[in-house]
Amino acid sequence: MTSTLRAQLELLDLHPAATDMRQQVIEGMAQSPKQLPAWFLYDTEGSRLFDQICEQPEYTLTRTEAALLQAQAPAMAAALGAGTLVEFGAGSARKVSPLLEAMERPAYVALDISAEHLGEACQRLHNRHPQVPMLGVCCDYSQLQQLPPHALLDEQRRLGFFPGSSIGNFPRAEARALLQQFRQLLGSSAKLLIGIDQPKAVERLEAAYNDAAGISERFALNLLHRLNRDLGANFQVDQFRYRARWLPEASHIEMALVSTQEQTVSLCGLSWSFQNGEALITETSHKYSPESFLALAAEAGWRPEARWSDAAGDLSLHLLKQAD
Ligand SMILES: C[S@@+](CC[C@H](N)C(=O)[O-])C[C@H]1O[C@@H](n2cnc3c(N)ncnc32)[C@H](O)[C@@H]1O
């Protein structure tokens, strides 16, 4: 390790939300159906609710992926090689520990849009791994042209880590563009370890996003509270109901808030009307078979190096490297 890589935690805030939200709301509300980017769900309360979703019995993705990482970390670390792990959308950064323990002289960079939650997550992780140099960057990773200049990123190979099947939150064309952008951000010698949730029985898929405790519903409705608070909107939160359904032709779960009556909402200085029954899509979660995911990755210039799956075949972690 070079002397500039110190075992300390640094935080950097690029203040992403302030610049981007207004324009993206105007674009999203003008679509038919109305749809907002999934990152809007993650203010501090949204991040907290997402952590609770991960603990619900119906939402098995987090537990399954964490167990797979725990079981396969030595093989994954060996295949990744030396470098700095760069996690896109780190959330509570609860999945990366087995990799940090298995890698030789690891370093870690967490990117997330939810500033306060990111700071707390990095501090917790740093307490657990005090020898690992760490940097937390609050940013919108989908808008980054380059990673910020820093010794952790400039002096070591960059190894992307994108668990949680978060790539599924982007429509296919955007997902391809994002994977291309990751290649650019990570550089030519990079690898990318990425988690992919696979199609499964419709009952299981829909239950995962309709937990009995109603946390997914609170997570979606929190978006309206956020828009009221941050953008001066006047959503009547009790006039929307949550709906999550599997759309087989799109191979995705669609999560939406459905207006329970005809109404007009003002937002960003403009008025938007909702019909009774009209949906505002808050998030989609695309499920890829390993083959369909690798086809997407190939279009973005990544080729497969290794793959690890759980015994039931619910999800996979793919290790990708840059195509020649
Ligand atoms: C589904 S959670 C996954 C968290 C964690 N990686 C995991 O696997 O459990 C998505 C995370 O990505 C963050 N996020 C979503 N869109 C983002 C964006 N465009 N830029 C940066 N962070 C984003 C959210 O704040 C949230 O913490």
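Two residues are taken to be in contact if their C-beta atoms, placed from the backbone, lie within 7 Å. Helices (H or I, at least four residues) and strands (E, at least two) are DSSP runs, numbered from the N terminus.

What you have open is a predicted model, in which local features need pLDDT of at least 70 and side-chain atom pairs count only at pLDDT 80 or more, while totals for chains, interfaces and linings use all residues. Residues are numbered from 1 along each chain as its sequence is written.

**The whole chain.** Begin with everything shown: the protein has 10 helices and 14 strands. Its radius of gyration, taken over C-alpha atoms, is 20 Å, close to the 20 Å that the globule rule (2.2 Å times the number of residues to the power 0.38) gives for 324 residues, so the protein is as compact as a globular protein of that length.

**Two domains.** Next colour domain 1 (9-16 + 55-200 + 288-322) and domain 2 (22-52 + 201-286) separately; these bounds come from an automatic or database domain assignment. Their centres, taken over C-alpha atoms, are 26 Å apart, and 19 residues of domain 1 are in contact with 22 residues of domain 2.

**The eight-stranded sheet.** Select the open sheet with the order β1-β5-β4-β3-β6-β7-β14-β13, whose pairing is mixed; two strands pair if DSSP finds at least two bridges between them. At the edges stand β1 (9-13) and β13 (302-309), each with a single partner strand, so one side of each is left without a neighbour in the sheet. Within this sheet, zoom in on β3 (residues 84-88) and β4 (residues 107-112), which run parallel and are joined by five bridges, with Phe88 standing opposite Leu111 in β4.

Two bridges join β2 to β12 (residues 279-286), the two strands running parallel, and Lys34 stands opposite Leu280 in β12.
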